Amino acid sequence: WSLAFVAVVLIVTRNLAWLRTVSAQTWRRFALSALLIAINWLTYVWAVGHGHVLDASLGYFINPLVNVALGFAVLHERPRPVQWFAVGLAAFGVLWLTVTAGRLPWVALVLAISFGFYGLMRKTAALGAIEGLTLETLILAPLAAAGLVWWSHDGSMAGQTAVDWAWLIGTGPVTAGSLLLFAAGARRIPLATLGLVQYVSPSLQFLLGV
């Protein structure tokens with residue numbers, strides 16, 4: 001559904017000519033970013049569907065720390081002292097949540113690491129936000145189609161109502177819109193700043209989970 005949404009946007013804006021000039025290296029690079037976002041998406045959807053909303057929120061509390069670390073180590077960004085203080089507070093909060101959980105938060109770690117490296121790749125990507133998301137969803141679409149055929153064959157897709165399908169179709173623009181804004185923002189601000197801004201989302205997730 002995300003691919004359908006970006007396809008409509010590209011057609012309406014008549015922004016299709018760039019597809020003919022994409023190099024093999026760019027395809028390979030976006031295949032890797034597609035793999036990262038697929039891991040992130042599937043882990044998140046599994047977590048939400050299996051009663052791990054708080055684990056998912058912890059992952060996105062950890063993710064900004066991964067962004068700051070990647071910005072510092074790879075892009076040589078130097079956060080201001082007040083930003084380091086904010087990162088320190090966040091790290092303490094994550095450590096506290098992890099210790100009180102009493103187990104390794106593997107869901108949270110997978111979400112944080114996969115989306116952290118995805119953010120790094122999108123920040124340094126050669127294509128713009130919508131072009132990059134189009135390549136990623138084009139790469140993932142055949143795999144998603146194969147999965148749908150498989151689940152339709154064993155009856156897992158049976159019994160869905162029109163309301164269910166409306167919700168599923170609605171995830172296309174919601175997901176694609178969020179990723180487009182994320183990719184556009186990642187190209188405009190330091191990765192460390194992007195990481196700090198990202199604490200809004202897990203805070204909302206935490207409140208919803210509670």
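**Figure 1. Helices α5 and α7 are oblique to each other.** This close-up comes from a predicted model, in which local features need pLDDT of at least 70, side-chain atom pairs count only at pLDDT 80 or more, and totals for chains, interfaces and linings use all residues. The axes of α5 (residues 106-123) and α7 (residues 162-186) come within 8 Å and cross at roughly 60 degrees. Axes are lines fitted to C-alpha atoms, for helices over the stretch in contact, with angles from 0 to 180 degrees between N-to-C directions. Angles under 35 degrees count as roughly parallel, over 145 as roughly antiparallel, 65 to 115 as roughly perpendicular, and the rest as oblique. The α5/α7 crossing is right-handed. A crossing is right-handed if the near helix is turned clockwise from the far one by less than a right angle, and left-handed if anticlockwise. From α5, the contact draws on F115, Y118, G119, R122 and K123; from α7, on L179, F182, A183 and A186. Contact means heavy atoms within 4.5 Å. Six of these residues are nonpolar, one is polar and two are charged. Ala, Val, Leu, Ile, Met, Phe, Trp, Tyr, Cys and Pro count as nonpolar, Asp, Glu, Lys and Arg as charged, and the others, Gly among them, as polar.

**Figure 2. Helix α1 packs against helix α6 in a left-handed crossing.** The axes of α1 (residues 2-13) and α6 (residues 129-153) come within 9 Å. They cross at roughly 140 degrees, so α1 and α6 are oblique. On the α1 side, S2, L3, V6, V9 and L10 make the contact. On the α6 side, I130, L133, T134, T137, L138 and A141 take part. The tally is eight nonpolar, three polar and no charged residues.

**Figure 3. Helices α2 and α3 cross at roughly 145 degrees.** Their axes come within 7 Å. The crossing is left-handed. N40, Y44, A47 and V48 of α2 meet V53, A56 and Y60 of α3. Six residues of this contact are nonpolar, one is polar and none is charged.

**Figure 4. The protein has nine helices and zero strands.** Helices (H or I, at least four residues) and strands (E, at least two) are DSSP runs, numbered from the N terminus. The C-alpha atoms fill a box of roughly 50 × 45 × 25 Å along the principal axes.

**Figure 5. Confidence is highest in helix α2 and lowest in helix α8.** The mean pLDDT is 92 in α2 (residues 24-49) and 75 in α8 (residues 191-197). The protein averages 85, and 98% of the residues score at least 70. pLDDT is the predictor's confidence in each residue, from 0 to 100. Residues are numbered from 1 along each chain as its sequence is written, and side-chain values use heavy atoms, with hydrogens and water left out.
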